[in-house]
Amino acid sequence: MTIVIAVDGTAASGKGTLAKRLARHFGFAHLDSGSLYRLVALGVVQAHGDPANEADALKAARAIDPKRAGDPVIRTAEIANVASVVSAFPAVRATLLDFQRAFAATALPGAVIDGRDIGTVVCPDATAKLYVDAAPEVRAHRRWLELQAAGHPREESAILAEIEARDARDRNRAVAPLKPAADAYLLDTSYLDIDAAFAAALALVKPGVENALKARQGG
Ligand code: CDP
């Protein structure tokens with residue numbers, strides 16, 4: 001069994017940055033599962049399809065190329081919003097499940113996967129699970145700062161509205177809704193900067209991950 005750290009949480013909670021830093025710390029592979037849903041969204045948009053149409057979303061899901069996960073075109077707010085629509089279709093989620101599980105099963109010595117349902121659906125037996133959240137206003141402000149720094153300023157109130165709408169869609173869908181796994185460590189980063197959040201995340205997952213690494217060396 002590989003060692004998996006599941007990092008789930010709300011939009012712009014900092015889970016991606018935490019996941020990357022945890023992966024670097026332990027020398028694990030990292031998968032940003034949100035990028036897969038964003039690639040599906042991109043496929044629908046580029047085909048001029050309707051994101052609310054299951055057939056259009058499924059066609060795009062079957063055609064994604066995970067190697068394009070680093071493409072900056074999937075990082076826009078429009079693509080994030082479309083991603084949260086297409087991701088509600090069970091058939092879309094089922095199509096992406098095999099890729100995510102294969103990644104978890106083959107990454108050596110382990111994997112860090114971030115998303116919404118990693119600890120609940122994709123890897124329910126993960127070695128350690130984190131659920132990352134922060135107050136919506138804090139998350140909107142962080143995204144506003146990022147966009148300012150990148151030279152794409154936007155209204156903070158519009159960012160907040162989008163984040164809240166996306167969280168609501170993610171929480172209220174019937175399949176794999178956004179929620180903490182029963183055995184997840186909850187991490188609220190509202191009052192933590194990224195270094196403090198990383199220190200807190202590491203302190204939570206380290207005992208379980210180190211035990212698993214030791215157990216594997218022993219066996
Ligand atoms: O980075 P950010 O939190 O803004 O979003 P993301 O992780 O890239 O995810 C974009 C959208 O994909 C989310 O709002 C979800 O609707 C969907 N998603 C999902 O349904 N399940 C996952 N495991 C990851 C993302």
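**Pockets and ligand site of the predicted model**

The second largest pocket has a volume of about 230 Å³, a volume being the space filled by probe spheres set on grid points that are joined across faces, edges and corners. A pocket is here an open set of points, on a 1 Å grid over the protein atoms alone, where a 1.4 Å probe fits and where protein lies on both sides within 12 Å along at least five of seven lines, and its lining residues have an atom within 4 Å of a point. The structure is a predicted model, in which local features need pLDDT of at least 70 and side-chain atom pairs count only at pLDDT 80 or more, whereas totals for chains, interfaces and linings use all residues. Residues are numbered from 1 along each chain as its sequence is written, and side-chain values use heavy atoms, with hydrogens and water left out.

The lining of the second largest pocket comprises 14 residues, and Gly43, Val44, Lys59, Ala60 and Ala63 are those that lie nearest its centre. Both α2 and α3 (54–62) supply at least two residues of this lining, with the largest share, five residues, coming from α2; helices (H or I, at least four residues) and strands (E, at least two) are DSSP runs numbered from the N terminus. By class, seven residues of the lining are nonpolar, three are polar and four are charged, where Ala, Val, Leu, Ile, Met, Phe, Trp, Tyr, Cys and Pro count as nonpolar, Asp, Glu, Lys and Arg as charged, and the others, Gly among them, as polar.

For the largest pocket, the volume is about 1200 Å³. Its lining is made up of 46 residues, with Ala12, Arg38, Arg75, Arg143 and Glu146 lying nearest the centre. Two or more lining residues are given by each of α1 (15–26), β2 (29–32), α2, α4, β3 (110–115), α7 (136–149), α8 and α9 (194–218). The lining divides into 13 nonpolar, 15 polar and 18 charged residues. Ala12 is placed in the loop between β1 (3–9) and α1, and its phi is near 60°, a positive value in a residue other than glycine.

The ligand sits in the largest pocket, in the sense that more than half of its atoms lie within 2 Å of the grid points. Around the ligand are 18 residues, of which Lys15, Arg38, Arg93, Arg166 and Asp170 come nearest, a residue being counted if one of its heavy atoms lies within 4 Å. At least two residues of this shell come from each of α2 (33–46), α4 (77–86) and α8 (156–172), and α2 provides the largest share, four residues. In the shell, four residues are nonpolar, five polar and nine charged.

In the backbone, the peptide bond from Leu108 to Pro109 is cis, with omega near 0°, and Pro109 lies in the loop between α5 (90–106) and β3.
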